[in-house]
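Open the model in your viewer and keep the selection panel at hand. We will go from the whole chain down to single residues.

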Amino acid sequence: MPSLYEEYSPWKGAHFMDRLAAIKKGGKCAPVSLQISLTNRCCAKCYYCYVENSNKFKVDIDTEKLFKVLEEAKEMGVKAIEITGGGEPLVHPDAWKIISKINELGLDLGLITNGIMLDPEKLGKATWVRISLDSFNPATYKKIKGVNMPDMKLIGKMCKNKNVTVGASCVITPYNYKELYSFAKKAKEMGFSNVCFKPVEVENRKVLNRFEKIVKEQMDKAIKLTDNNFKVFSLELRRNDNTEAKPFPLCIQQHLAAFIWSNGDIYSCCSLQGNKNMVVGNIYKGSFKDQWFSRKIIGIKDCKIECFFAGKNSFLNYLVGDNPKHVNFM
Ligand code: SF4
């Protein structure tokens, strides 16, 4: 059960009742956050990466165009920008310029990176950084990611900056499933604020079934490292948040977090990236704001994938619903 106060809390929607009121009336609202994939290129070669293993385009987002989108986003009332993968965002030639622009506009910043090109001096003001590491063991790291480990001294320095929540993420694979506890322990020693474990393939967790017992033992041990300064987000927690049959009548999450892919395509949900039928606009074809507010809303049956945001969506449906049972009996 996630805690109210944690980073991945499904209850954050309660802070955006003004937006939810507009949705309840059948309207639309500006997203609270905007995820942007700067590039599909990468400096690592993770064996499980769908971009690395596909013939998908390898393209960088246009910097000037993106600046316009960021300015519009600020004007619309977007609060936070998450610079994210698809590829490694810091490979974009203007990545640091884009990060400075987000800082200048006073938008909250979150960054997902593999850490290889991370420069703590250039980061400016960020709310959080999540570094995809998968292993602290150089040999395991190379097997999974196909390249050498990033500069761990630099990452250690980054962890010491207490103004930023620095998390380490670990994709559980057949190469590292015995190292989950040592991963969390090392992360804690280095000063990371949290670790987040995820199964190797969201669609095909079967690959891990063979190791389930050991994964569980490792996770149980890792979770015991949790204290006030360090959290472990677990596979089990993520699994509970994922259900194929959607236990909510409407997708509300699609209104609150937009996603822009490195080819400029706009989506109402990051999980839909790459699905051409679910593209709601493109930043090269007009204003982000106009396209966002004129987009088609996704009906629950239109979304054919497992909802990663099921927990959030269920609570958001509660917030926009009428007459919760015995609501006045507090
Ligand atoms: S996965 Fe589908 S149901 Fe879930 S938030 Fe995204 S669009 Fe909505």
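Predicted model: local features only at pLDDT ≥ 70, side-chain atom pairs only at ≥ 80, totals over all residues.

**Whole protein.** Show the cartoon first. The protein has 12 helices and 10 strands. Its radius of gyration is 20 Å, close to the 20 Å that the globule rule gives for 330 residues, so the protein is as compact as a globular protein of that length. Switch to the C-alpha trace: along its principal axes it spans about 55 × 50 × 40 Å. Now colour by burial. Of the 330 residues, 39% are buried. Consider contacts between residues at least 6 apart in sequence: 72% of them join residues at least 24 apart.

**The core.** Select Cys170, Leu180, Val195, Phe197, Ile260 and Ile266. In the largest nonpolar core, which has 73 residues, these six touch the most other members. Which strand gives the most to this core? Select residues 165-172: strand E5 does, with 5 residues.

What does isoleucine 260 contact beyond its neighbours within four places in sequence? Leu34, Ile36, Ser37 and Val69 are there, along with Ile266 and Ile283.

**Helix H3.** Select residues 95-104. The buried residues here include Ala95, Ile98, Ile99 and Ile102. Look down the axis of H3: its buried residues fall within an arc of 100 degrees, so they line one face of the helix.

Then step past the helix to glycine 106, which follows H3 and has a positive phi, near 75 degrees.

**Helix H4.** Move to residues 138-145. Tyr141, Ile144 and Lys145 are the buried residues of H4. Seen down the axis of H4, they fall within an arc of 80 degrees, so they line one face of the helix. After H4 comes glycine 146; its phi is positive, near 75 degrees.

Technical notes
Residues numbered from 1 in each chain as written. Core = buried A, V, L, I, M, F, W, Y, C linked by C-beta atoms within 7 Å. Buried ≥ 20, exposed ≤ 12 C-beta atoms within 10 Å, placed from the backbone. Helix = DSSP H or I, 4+ residues; strand = E, 2+ residues; numbered from the N terminus. Contact = placed C-beta atoms within 7 Å. Arc of directions from axis to C-beta. Rg over C-alpha atoms; globule rule 2.2 N^0.38 Å.
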